[in-house]
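These notes are meant for a colleague who is opening this structure for the first time. Please read them with the sequence and the model side by side.

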Amino acid sequence: MSTEALAELNARFGIRGRVTFTQAAGGLIVAAVRNAQATARIALQGAQVLDWTPAGARPVIWVSPAAMQAPGKPLRGGVPVCWPWFGPHATEAGFPAHGLARTQCWEMAQVQQLSDGSTTLSLRLSQDANTRLLWPHDTELLLLANIGRHLRIDLLTRNTGDEAFTLTQALHSYFAVSDVREVVVRGLEGLPYIDKVAGGARRVQSGPLTLSDETDRIYLDHGGECVIDDPGLRRRIVIRRQGSRSTVVWNPWAEKSAAMADMGEGVYRGMLCVEAANAAEDAVVVAPGGEHRLQVSYRLAAW
Ligand code: BG6
């Protein structure tokens, strides 16, 4: 982006001392948000939250030390938006994993400083000839990121065409943890899940979830709260959702993470993905003129 375009972005959407747009190394445009409750960074590419740190706390969102921060490349960490499909495309093997939204450049629509002290950034993804090759349906996609004591993200899909469409999606949040081998995820007990590591076998979660190996699961029929208990950091991350009936839990573990160019040796230990999703049989149908809202909120709770 040219210096003039960046200055224009700051003139239109910047708030002195609160919201500043900069060009990061690698070329991505990033909005840095600071208020009395938290700091955050959001990349315009993918409308991807890269960081959220409540005042006085340690960062809650994880970004890989080896993440590629380059235009058009998926960035390992933060909260990537998987849309309008989650995982591989159902029929087109050549289409990008997790859809098109995470590598597109979104536009800023609005910045609001709210009376409760939090800040909301709204971003919009427009369709063009390239995205229509992957997703031909007339659609408006908006993301609202509310930065405060909570991080709340709303992803709104509006069907502006005259035919219904079906989508899968996820807010693919990477959480920073002290050691993934020590954390406990509560709230999934008794739920059926698809175990992608076991070739899609169906299983049922018995008791709270602890991880001791590669984990890649889609928990189904789950609209409730999830909590990551992290004894090492002496904190709990509380995850609440609306418009989401599946939860994905992912960690590639030692071998896979060592082989991934954007992760590396031992890096898997510091992260855990718990994703608010509509995946597998939880696909969403949006009627003509209709809207679907996927909302997630994260907050820290004391140990
Ligand atoms: C998870 C999927 O949500 O994302 C995994 O369940 C996938 O199967 C992981 O490997 C990472 O995907 P990507 O495309 O960002 O490497």
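1. The second largest pocket has a volume of about 260 Å³. Of the 17 residues lining this second largest pocket, those closest to its centre are W85, P88, H89, A90 and T168, and the lining divides into eleven nonpolar, five polar and one charged residue. A pocket here is an open set of points on a 1 Å grid over the protein atoms alone, with protein on both sides within 12 Å along at least five of seven lines, and lining residues have an atom within 4 Å of a point. Grid points are joined across faces, edges and corners, and a volume is the space filled by probe spheres set on them.

2. Some words on the basis of these values: this is a predicted model, in which local features need pLDDT of at least 70 and side-chain atom pairs count only at pLDDT 80 or more, whereas totals for chains, interfaces and linings use all residues. Residues are numbered from 1 along each chain as its sequence is written, and side-chain values use heavy atoms, with hydrogens and water left out.

3. The largest pocket holds about 320 Å³ of space and is lined by 19 residues, with R76, H98, R102, H172 and W250 nearest its centre. Its lining has ten nonpolar, three polar and six charged residues, where Asp, Glu, Lys and Arg count as charged, Ala, Val, Leu, Ile, Met, Phe, Trp, Tyr, Cys and Pro as nonpolar, and the others, Gly among them, as polar.

4. Where does the ligand sit? The ligand sits in the largest pocket, a term that requires more than half of its atoms to lie within 2 Å of the grid points.

5. An oxygen atom of the ligand lies 2.8 Å from an N or O atom in the side chain of H172, while for H98 a polar side-chain atom is 3.1 Å from a ligand oxygen, and for K196 the distance is 3.2 Å. The protein covers 79% of the 390 Å² of accessible area that the ligand has on its own, areas being computed by the Shrake-Rupley method with a 1.4 Å probe.

6. W83 and P84 are joined by a cis peptide bond, with omega about -5°, and R234 has a positive phi near 50°.

Definitions and conventions. 1 Å grid on protein atoms, 1.4 Å probe; cavity = no way out; pocket = protein on both sides within 12 Å on 5 of 7 lines; lining within 4 Å. Polar contact = N/O pair within 3.5 Å; in protein donor to acceptor, adjacent residues only side chain to side chain.
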